[in-house]
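Subject: Structure handover

Hello,

Here is the structure I promised to pass on. Please open it alongside this message.

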Amino acid sequence: MSLREKLSSAASSPPRKVTITTMGYEGDYYVRGLTIGQRDRYEGACLKEKSVKGKLFQSVNTENMRARLLALCLVDADGTREFEESADDMAALAKLPATVGEPLFEAAREESGMSEKDLEELAGN
C-alpha cells in the first residue's frame, strides 16, 4: 500500500460512538476527528488579534469554543456532518447542558489529536 493510499484510507475512518445518559439527551452520538485543514481553521477561529499602539497581540477567543468544535465533529452514524459552523448552529450547541456537551467535546478533542497541552498552549497558559 502506497503512502497516498494509507493516508487516504485514514481520512475515512469510522466515527466514534459516545453514549450520553443525561436525562432528555439519552442515546448514542457520533464524532469524527478534524482534518488537518479543519484543525488549522478551528485553532485560527479560537484566536483574536488586537492592535495596541501599533503592536499586534493575540488572545484566545473562548466564545463558543466547544460549540465550534462540536459543529465540526458531530456526525451521524454514517459519518455525515450534522451541523455547520453557522451562528445558528453554534448558538444551539452552546445551549447544551455541560453534562451533554463536555463528553462530546472531549471525544471530539481526542479524535482530532488535540491534547490537554494543545488546548493550554492555544489559551496561552
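Below is what I found, from the whole chain down to single residues.

**Overall**

Please note that this is a predicted model. The chain has 125 residues, and 27% of them count as buried. Its secondary structure comes to six helices and five strands. Read from the N terminus, the order is α-β-β-α-β-β-α-β-α-α-α. Along the principal axes, the C-alpha atoms fill a box of roughly 50 × 45 × 25 Å.

The accessible surface is about 8200 Å², and carbon and sulfur atoms make up 51% of that. On charge, the chain carries 17 positive and 22 negative ones. Their mean positions lie 7 Å apart.

**Helix α3**

Start with α3, which spans residues 65-73. This helix is mostly covered, with eight of its nine residues buried. Those eight are Met65, Ala67, Arg68, Leu69, Leu70, Ala71, Leu72 and Cys73. Note that Arg68 is on that list. What do the buried residues of α3 pack against? The partners are β2, α2 (36-45), β5 (74-75), α4 (87-94) and α5 (98-111).

Asn64 sits in the loop between β4 (55-60) and α3. Its phi is positive, at about 60°, although Asn64 is not a glycine. Asn64 counts as partly exposed because its relative accessible area is 27%.

**Cysteines**

How many disulfides does the whole structure hold? The search finds zero. A disulfide would need the two sulfurs within 2.5 Å. Cys46 has 0% relative accessibility, so it counts as buried. Cys73 also has 0% relative accessibility and counts as buried.

Ser112 lies in the loop between α5 and α6 (116-123). Is Ser112 buried or exposed? Its relative accessibility is 8%, so Ser112 counts as buried. The Ser112 side chain reaches the backbone oxygen of Ala108 at 2.8 Å. Beyond its neighbours within four places in sequence, Ser112 is in contact with Gly33, Leu34, Arg39 and Cys73. Cys73 takes us back to α3, where it is one of the buried residues.

Gln38 belongs to helix α2. At 13% relative accessibility, Gln38 is buried. A polar atom of the Gln38 side chain lies 2.9 Å from the backbone nitrogen of Thr35. Setting aside neighbours within four places in sequence, Gln38 is in contact with Gly33 and Arg81. Gly33 is also among the contacts of Ser112.

**Tyr29**

Tyr29 is part of strand β2 (residues 27-31). With 26% relative accessibility, Tyr29 is partly exposed. What does the side chain of Tyr29 reach with a polar atom? That atom lies 2.8 Å from the backbone oxygen of Tyr25. Leaving out residues up to four places away in sequence, Tyr29 touches Arg16, Lys17, Val18, Ile20 and Leu104.

**Two pairs across the chain**

Finally, two C-alpha separations to check in your viewer. Tyr29 and Thr62 are 33 residues apart along the chain, and their C-alpha atoms are separated by 24 Å. Pro97 and Thr22 are 75 residues apart along the chain, and their C-alpha atoms are separated by 9.0 Å. Pro97 lies in the loop between α4 and α5. Its relative accessible area is 27%, so Pro97 counts as partly exposed.

Best wishes

Terms used:
Residues numbered from 1 in each chain as written. Predicted model: local features only at pLDDT ≥ 70, side-chain atom pairs only at ≥ 80, totals over all residues. Heavy atoms only, no water. Helix = DSSP H or I, 4+ residues; strand = E, 2+ residues; numbered from the N terminus. Buried < 20%, exposed > 50% of the residue type's maximum accessible area, 1.4 Å probe, protein only. Contact = heavy atoms within 4.5 Å. Polar contact = N/O pair within 3.5 Å; in protein donor to acceptor, adjacent residues only side chain to side chain. Areas by Shrake-Rupley, 256 points an atom, 1.4 Å probe, with all protein chains shown as cover. Lys, Arg positive; Asp, Glu negative; His and termini not counted. Charge placed at Lys NZ, Arg CZ, Asp CG, Glu CD.
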